[in-house]
Amino acid sequence: MNSLLSINGLTVAVGPKILVDRVSFDVPQGKIVAVAGGSGSGKTTIGLSILRLLPTPLSVTQGSIIFEGRHLLDVPVREMQNCRGARIGMVFQEPLSAFDPLFTIGQQIDEVLAAHTELSKRERYKKVLETLLEVELPDPQRAYKSYPHQLSGGMRQRAMVAQAIVCGPSLIIADEPTSSLDVTLQVKIMELLGRLKKKDMSILLIAHDLGMISRVADEVIILCQGEIVEKGPVGQVMDRPQHGYTRELVMSAK
Amino acid sequence: MEKKIKPRGRISLAFASLRRNRFSMLCLWALSVLYGLAICADFVCPYGYQDEDRDFSYCPPTAIEFLDHGKLVRPFIYGRTLTFDAVHRRVYVNDYRQKYSLHFLTGGRLFGVDPPSRFYIWGADARGRDLFSRIWYGARISLSIGLLGVIISFVLGLLIGGIAGYYGGWVDNILMRLCEMFMMVPGFYLMLALRAAVPENFNSVQVYVSVVVILALIGWASLARIIRGMALSLRERDFVLVAKTLGVPDIIIIIKHILPQTISFSCATLMLTVSSYILAEAGLSMVGLGIQDPVPSWGNLLSDAMEIVPVIFAPWILLPGLFIFIAVMCFNVIGDALRDAFDPMFREGI
């Protein structure tokens, strides 16, 4: 199997307390892998440790993360910096606080492009507009000039997806991308992620709502208290949950 | 009819609020006049700052006459002769036979009189130099030195505070201990110590630059500490994490996402710091450690007024103090108004 990201025995701890315990899974090229679990199960921690941006007291104590053939935990800081945003994009839960209130949406997307490419200002502007169109924002020119508070929640979330994909990364980590949106918007954003998959981007979807996950994901990993309790193709996990915790999650999603 | 609401940035909102504050607008105008006169000193002043005539030592302000034998004529001044009274004090007596008419826009100056007479609007100093001219030439130095010093110490303070707060840990530790070393010494003594480190044989430009640097070195530390505190909290904001996950370099995050959030505080502090630097320069020059005679600054103009006798006989030499007062007060009022203007709680009806 051609896997883009493979995590082996990842363990994250803060002091003696283990937050993520020997987690291993693969994200194959062009697939959506979902990590599901309740609050505090370590989903977000996995996402941040891939980017090596764990908050200070937390640290990876064991395991390896291999992305595009490189051991991410060992590469120099500079290379990691080039990887973030360019090869791996991240989408967050709360799109209002995720944008700097002092700059327009366009400027903030442009900033990512400026950090990773040598494009001229004009080329970047064109690229940002293209990306805004790609995430189906109705009026890209206006969105470019809007401040975060001037857009609706759904539009902001789309803008954040645009920010994550503007450099054409091969992996997107989407951390609860729909939790702050209403139900109809949740479906729309999920559909958007589904379309990105068709463009050969892999997505690591971090979420708690199995109902939403089952719409788009190919595989699902159920995490409970930092340990993987079950993993497999979405249909299989949803239809025949093996573990008690998974059954609870499936029940609540139906 | 649908009215289109144009979004306004908070800087434009703050200025709208400032504009409604009459007193601070008055101060803004007063400052513009001071700066305008300082810039145009070559044109406005009748004499150069070194232009002296010892025959007119401590000559009082000259009266301008408009009436000659009851007839309205073009403004002129009478010649004066120096006499001494019973206790050997200088007294200038008008010589009604000599009349010198004022002429305007000759020789690249706004106004003046023909030699050998001299025209002193605000009186003369001990060496017969025109105080009016020296005040505006001095304004060039006194008003610019504060601004330059503030710019340097703000660049230093913002960057160092931003870096310390953003990285935290040992970087923070080292930078903050450095700050404390500067804050530990009382400001005026630090100034004296730094001035002592500057060679004696500097020319006036070098002295000017060194005073700017000294002022900048005093002020940056306290600013850096406050900015560091703000950066410590700002770095936890989501958009900073997002910028990190997207690979935006740290220095750009600090400059673009952390420091601009402190603008309301920085703007107000900037104004208040300018005024304290103007005072500091005046203090340094007054005790003879700053700008050196013959180059005038408001501080060293006042050093003539440090003894009581000249002040009694020629009270006009205190005038530079009035301008220090006006400039400092204007900067303070504007600083306070800016702080309120940036605070949405104080903003009404915009």
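1. In chain B, helix H4(B) passes helix H7(B) in a right-handed crossing. A crossing is right-handed if the near helix is turned clockwise from the far one by less than a right angle, and left-handed if it is turned anticlockwise. H4 covers residues 131-167 of chain B and H7 covers residues 204-234 of chain B; their axes come within 5 Å and cross at roughly 35 degrees. Helices (H or I, at least four residues) and strands (E, at least two) are DSSP runs, numbered from the N terminus. Axes are lines fitted to C-alpha atoms, for helices over the stretch in contact, and angles run from 0 to 180 degrees between N-to-C directions.

2. The structure is a predicted model, in which local features need pLDDT of at least 70 and side-chain atom pairs count only at pLDDT 80 or more, while totals for chains, interfaces and linings use all residues. Residues are numbered from 1 along each chain as its sequence is written, and chains are lettered from A and ligands numbered from 1 in the order in which they are written.

3. The contact of H4(B) with H7(B) comprises 23 nonpolar, eight polar and two charged residues. Ala, Val, Leu, Ile, Met, Phe, Trp, Tyr, Cys and Pro count as nonpolar, Asp, Glu, Lys and Arg as charged, and the others, Gly among them, as polar. Two residues are in contact if their C-beta atoms, placed from the backbone, lie within 7 Å.

4. Chain B as a whole contains 13 helices and five strands. Its radius of gyration is 26 Å, whereas a compact globule of 350 residues would have one near 20 Å. This radius is taken over C-alpha atoms, and the globule rule is 2.2 Å times the number of residues to the power 0.38. Along the principal axes, the C-alpha atoms of chain B fill a box of roughly 85 × 65 × 35 Å.

5. Of the 350 residues of chain B, 36% are classed as buried. A residue is buried if 20 or more other C-beta atoms, placed from the backbone, lie within 10 Å of its own, exposed if 12 or fewer, and partly exposed in between. Among the contacts in chain B between residues at least 6 apart in sequence, 70% join residues at least 24 apart.

6. B:Ala38 belongs to helix H2 (residues 22-39) of chain B. This alanine counts as partly exposed, because 19 C-beta neighbours lie inside 10 Å. Leaving aside residues up to four places away in sequence, B:Ala38 touches B:Trp136, B:Ala139, B:Arg140 and B:Leu143. B:Ala38 and B:Arg140 are 102 residues apart along the chain, yet their C-alpha atoms are separated by 5.0 Å.

7. B:Tyr58 is placed in the loop between helix H3 (41-44) and strand E1 (65-68) of chain B. A:Glu68 is placed in the loop between strand E4 (59-67) and strand E5 (70-71) of chain A. Is each of them buried or exposed? B:Tyr58 is buried, because 21 other C-beta atoms lie within 10 Å; A:Glu68 is exposed, because it has 12 such atoms within 10 Å.

8. Residues up to four places away in sequence aside, B:Tyr58 touches B:Arg90, B:Ala124, B:Ala126, B:Phe313 and B:Ala314. From B:Tyr58 to B:Leu259, 201 residues apart in sequence, the distance is 52 Å, C-alpha to C-alpha.

9. A cis peptide bond, with omega of about 5 degrees, joins B:Asp293 and B:Pro294. B:Pro294 lies in the loop between helix H10 (263-286) and helix H11 (298-302) of chain B.

10. In chain A, helix H4 (residues 105-116) and helix H7 (residues 153-165) pack at an angle of about 20 degrees, with axes 8 Å apart. H4(A) and H7(A) are therefore roughly parallel to each other (angles under 35 degrees count as roughly parallel, over 145 as roughly antiparallel, 65 to 115 as roughly perpendicular and the rest as oblique). The crossing of H4(A) past H7(A) is right-handed. H4(A) contributes A:Ile105, A:Gln108, A:Ile109 and A:Val112 to the contact, and H7(A) contributes A:Ala159, A:Ala162 and A:Gln163. By class, these are five nonpolar, two polar and no charged residues.

11. Where the chains meet, the contact takes 15 residues from chain B and 23 residues from chain A. On the side of chain B that touches chain A, the elements giving two or more residues are helix H8 (238-245) and helix H9 (250-258) of chain B. H8(B) supplies the largest share of that side, five residues. The residues of this side divide into eight nonpolar, four polar and three charged.
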